[in-house]
Structures are given as structure tokens and as C-alpha cells.
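Reader: I have just opened this model and would like to go through it step by step. Could you show it here, please?

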Amino acid sequence: MSQAAFSQGYTSNPQALRIVAKSKTEKVRQDSLRKAYAGKWTLNIGFGNRYIDRGNLTDLLDTASFADFSKLRGYLHLGAGKFMNNKLWINLELSMAMPARNQDVGISNSGNNGISIVGEGSGGLMLGAGLVAKYYYHAWGNSRLYAGGGLGTLNLIAKGGQISFNSVSGRSNTIEEARARYFTSQINTGITLRPSKILLFDLGLAYSFTSTDEPVGRIVSPGGFSTAFTLSFILGANRF
């Protein structure tokens with residue numbers, strides 16, 4: 001049998017065609033995160049938890065703002081990124097976290113000095129901005145493992161004060177604010193899952209190295225481990 005006749009008989013066989021089609025489909029599916037998203041942009045939103053190393057905390061209270069960032073955990077992050085090629089993804093990321101507000105009100109009666117009402121409170125904000133890179137190095141099915149790193153800054157803003165009222169002397173108030181900026185670098189790893197063409201789920205673990213500054217909210221440096229869950233939308237993914 002000639003090669004042409006064999007080829008014609010093979011391609012006219014429905015079973016053989018189904019096997020070839022399935023093989024091609026499986027190959028595309030297995031490699032979908034490696035090639036299909038190259039050059040495409042992403043928008044992402046995520047939630048995470050930050051665990052500041054104990055060595056980066058101080059037992060000294062923040063006498064300026066009375067705020068306490070030492071137990072701050074959850075944070076929100078937003079980002080926009082791009083798959084530079086078939087393995088490298090770059091993302092510009094913004095993050096925000098707010099510690100629980102502290103409020104306290106006291107009332108006292110000092111006789112001839114009148115009745116006094118004193119209220120104390122504090123609050124704050126942690127803002128971060130940075131550039132994060134992820135290198136995807138292994139794929140199976142609709143999942144890929146990655147490792148990477150990033151650079152950025154983290155800003156702490158703490159504000160607190162005291163407001164008092166006395167029935168004799170009147171009202172007075174004191175407001176204090178403390179700020180600090182830290183430069184950060186991080187290493188990260190995780191797994192990315194693709195449930196559909198336009199969505200990516202990311203489960204990540206990172207460790208941040210940060211500079212030090214004057215204590216704000218009982219934090220000397222916000223470095224430590226963090227975990228994050230991120231949902232990414234692939235722009236133009238429905239075109240392939």
C-alpha cells in the first residue's frame with residue numbers, strides 16, 4: 001500500500017480522527033497557561049493575611065497616636081498586570097489594611113472642679129504599592145506552580161487623640177499623628193488555577209523583607225510572612 005493510500009485511509013477513519021482531535025485538545029489544555037495568555041493584560045483583586053515577625057514589634061505603646069498595628073492581619077489588594085511572555089507575569093499591586101479602632105470614654109465627678117468627660121481614640125491605615133513578578137515553571141492540567149519576587153513601599157499612618165469636657169473649664173482636645181515609610185522586597189511562591197478562559201485563582205505565600213523606622217503603632221518594621229487569595233480577570237482571553 002502506498003503512503004498516500006495509507007494516509008487517505010487513516011484520515012477517513014472516524015475513530016482515528018477522534019483520537020487525533022482528543023490528543024490536540026489535551027495538549028492545548030495542558031499547555032493553556034503557558035501560551036494562551038502571553039501578551040494579555042489582567043485585572044485582579046484579592047484578600048490576604050499579614051503576619052509580622054515578633055522581632056519587628058515593640059512592647060512600647062505609641063504615645064503619639066495610641067494606635068496598635070501589632071495585631072493587624074487582613075488586607076485587601078488590587079492590581080493590574082501583563083503576561084510578558086509564556087512564563088513571566090508582571091503585576092502592579094496596591095494594598096490596604098486598617099487596624100481596629102480603639103475608643104474609650106470616661107466620666108468623673110471632681111466636686112468643685114466640676115464633672116469631666118474624657119474620650120480617647122485611635123485609628124490608622126497601612127498602604128502598600130509595589131511591582132510583583134511571577135515565573136511559572138511547571139504545569140499540569142489547568143494548574144501552574146510559580147515562584148517570584150517583588151519590590152515596593154509600605155506606609156503606616158496612625159492618628160489618635162483625646163477630647164475632654166469639663167463643666168467648669170470647658171472643652172479641650174489633642175490630636176496626634178505618626179507616619180512611617182518602609183521599603184520592601186519579597187519572595188513568593190504559590191499555585192494558579194484556571195477554572196475558565198477568563199479567570200485565574202491564585203493561592204500564594206510570600207515573605208517580605210522591610211527597612212526599619214521609628215516605631216508607629218508598636219511596629220518597628222512590618223516584615224514577615226503573608227498569605228493571599230487572588231482572583232484575576234484575563235482581558236481578551238475569549239479571543240483564543
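Reader: Which residue lies over the face of Tyr75?

Author: Arg50 does, at 4.6 Å from the ring centre. A charge counts as sitting over a ring if NZ of Lys or CZ of Arg is within 6 Å of the ring centre and within 35 degrees of the ring normal.

Reader: Before we continue, what should I know about the model?

Author: This is a predicted model, in which local features need pLDDT of at least 70 and side-chain atom pairs count only at pLDDT 80 or more, while totals for chains, interfaces and linings use all residues. Residues are numbered from 1 along each chain as its sequence is written, and side-chain values use heavy atoms, with hydrogens and water left out.

Reader: What does Gly46 touch?

Author: Leaving aside residues up to four places away in sequence, Gly46 touches Tyr75, Leu76, His77, Phe229 and Thr230; contact means heavy atoms within 4.5 Å. The C-alpha atoms of Gly46 and Leu76 are separated by 6.0 Å, although these residues are 30 residues apart along the chain.

Reader: Is Gly46 buried or exposed?

Author: Gly46 is buried, with a relative accessible area of 1%. Buried means under 20% relative accessible area, exposed over 50%, and partly exposed in between, with a 1.4 Å probe and protein chains only.

Reader: New topic: how many aromatic pairs are there?

Author: The structure holds six. Rings of Phe, Tyr and Trp (its six-membered ring) pair if their centres lie within 6.5 Å; planes under 30 degrees apart count as stacked, over 60 as edge-to-face and the rest as tilted. One of the pairs is Phe83 with Trp89, which is tilted, at 6.2 Å centre to centre and 40° between the planes. Both Phe83 and Trp89 are buried.

Reader: Which residues do ring pairs link into a cluster?

Author: The cluster consists of Phe83, Trp89, Tyr136 and Tyr146.

Reader: And what lines the second largest cavity?

Author: Its lining is made up of Thr42, Phe83, Trp89, Lys134, Tyr136, Thr192, Leu200, Asp202 and Ser232. On a 1 Å grid over the protein atoms alone, a cavity is a set of points where a 1.4 Å probe fits but cannot get out, and lining residues have an atom within 4 Å of a point.

Reader: What is the volume of the largest cavity?

Author: The largest cavity has a volume of about 560 Å³, volume being the space filled by probe spheres set on the points, which are joined across faces, edges and corners. Among its 40 lining residues, Tyr75, Glu93, Val132, Gln186 and Ser226 lie nearest its centre.

Methods: 1 Å grid on protein atoms, 1.4 Å probe; cavity = no way out; pocket = protein on both sides within 12 Å on 5 of 7 lines; lining within 4 Å.
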